[in-house]
Amino acid sequence: MPQIAYLGPPGTFTEQATRLLTEDFDADLVPYETVPLALAAVRAGEVLAAGVPVENSVEGSVPATLDALTTAEPLVAVQEAVLPVQFDLLARPGVALSEIGTVASHPHALAQVRSWLSENMPGARTRATSSTAAAAAEVAAGEFDAAISASVALDHYPSLVRLVGGIADVPDAVTRFLLVRRPGVLPEPTGADRTSLCAVISDEVGSLVEMLAELALRGINLSRIESRPIKDRFGEYRFFLDFDGHVADARIGDALTALRRRCSSVRFLGSYPKADRSPASVRPSASEQAFQTSANWLEDLRAGRLA
Ligand SMILES: O=C(O)C(=O)C[C@]1(C(=O)O)C=C[C@@H](O)C=C1
């Protein structure tokens with residue numbers, strides 16, 4: 001049975017997402033303490049793939065995931081899932097809300113309940129843990145007084161109780177997760193796909209606009225752009241782009257070759273079906289047929305068949 005890594009311990013949102021991402025095949029889910037460790041296990045061939053959080057609708061991208069995707073051998077996303085995110089406040093039995101001195105969770109989770117904490121527990125100090133379930137484990141071990149966790153965490157830490165349920169500063173918050181593997185056969189195009197890549201551009205006037213223009217000119221809908229520092233040179237950035245379409249689509253392939261010529265480096269991070277299955281809208285001049293017709297026309301010109 002294939003082994004699939006996820007950000008653990010058991011009871012994280014990432015575990016729930018990874019179960020969803022692997023529901024079509026029998027998989028043995030293996031918890032790792034951090035996203036970089038889960039991705040290192042994929043690179044080392046210890047596991048087939050990893051489920052990792054990539055972006056939250058309230059707090060934005062998950063920097064640990066973006067950095068870990070680009071700083072060692074290439075990996076590609078093959079599937080995405082989007083999960084609603086609401087939290088429970090878990091504590092040891094007999095502890096009242098007013099007695100809680102420390103509340104622990106993953107920094108992304110704490111950021112999503114910041115207003116709730118300041119209104120309801122103004123005296124409590126927040127503590128960062130490696131995941132929402134790690135916070136529950138540390139509360140069970142007596143490290144902290146309370147944890148902001150997924151409600152499934154309670155199944156794994158039965159010594160805790162739910163003090164408050166359904167906490168969320170933004171009620172419809174969601175987190176997007178990816179299933180990431182070593183490069184291999186890509187998922188088939190479905191007409192409702194997303195392509196992710198990371199590009200480094202030169203520090204020159206207009207280079208960002210020109211990169212984006214390559215997408216816009218081909219009618220490609222950009223759904224996310226994010227920059228992360230390159231780290232060893234101040235003021236230089238990697239740009240993470242997500243856009244509608246599959247690398248097998250003519251307009252996407254054409255755009256990628258243009259980016260490859262224009263950027264100092266381009267790392268392909270995968271083409272995979274969008275979680276919401278919403279089809280890409282393709283303008284007539286960027287359709288497969290339009291690309292084929294114009295390629296045939298050029299071939300005829302070059303062969304002397306047309307003037
Ligand atoms: O999966 C978990 O439980 C995590 O701790 C990670 C994470 C994240 O990185 O965004 C996942 C979903 C929630 O948005 C909060 C935290």
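R194 and E80 are both buried, where buried means under 20% relative accessible area, exposed over 50% and partly exposed in between (1.4 Å probe, protein chains only). Please keep in mind that this is a predicted model, in which local features need pLDDT of at least 70 and side-chain atom pairs count only at pLDDT 80 or more, while totals for chains, interfaces and linings use all residues. Residues are numbered from 1 along each chain as its sequence is written, and side-chain values use heavy atoms, without hydrogens and water.

The two residues form a salt bridge with its closest N and O atoms 2.8 Å apart. This pair links distant parts of the chain, with R194 in strand β12 (residues 193-200) and E80 in strand β5, 114 residues apart. Strands (E, at least two residues) and helices (H or I, at least four) are DSSP runs numbered from the N terminus. A salt bridge here is a side-chain nitrogen of Lys or Arg within 4 Å of a carboxyl oxygen of Asp or Glu, and the structure holds 21 of them. Here are some of these pairs:

| Salt bridge | N to O distance |
|---|---|
| R194 and E80 | 2.8 Å |
| R233 and E236 | 3.3 Å |
| D244 and K274 | 3.3 Å |
| E55 and R224 | 3.8 Å |

R233 counts as partly exposed at 42% relative accessibility, and E236 is also partly exposed, at 27%. By contrast, D244 is buried at 8%, and K274 is buried at 4%. Salt bridges that share partners tie E55, E80, R176, R194, R224, E226 and D242 into one network.

Now to the domains, whose bounds come from an automatic or database domain assignment. The chain is divided into domain 1 (1-85 + 168-184), domain 2 (87-165) and domain 3 (185-307). L66, T70 and E80 supply 29% of what domain 1 buries against domain 3, more than any other three residues.

Five salt bridges are counted between domain 1 and domain 3.

Methods
Buried area is the accessible area (1.4 Å probe) that two parts lose on being put together, summed over both.
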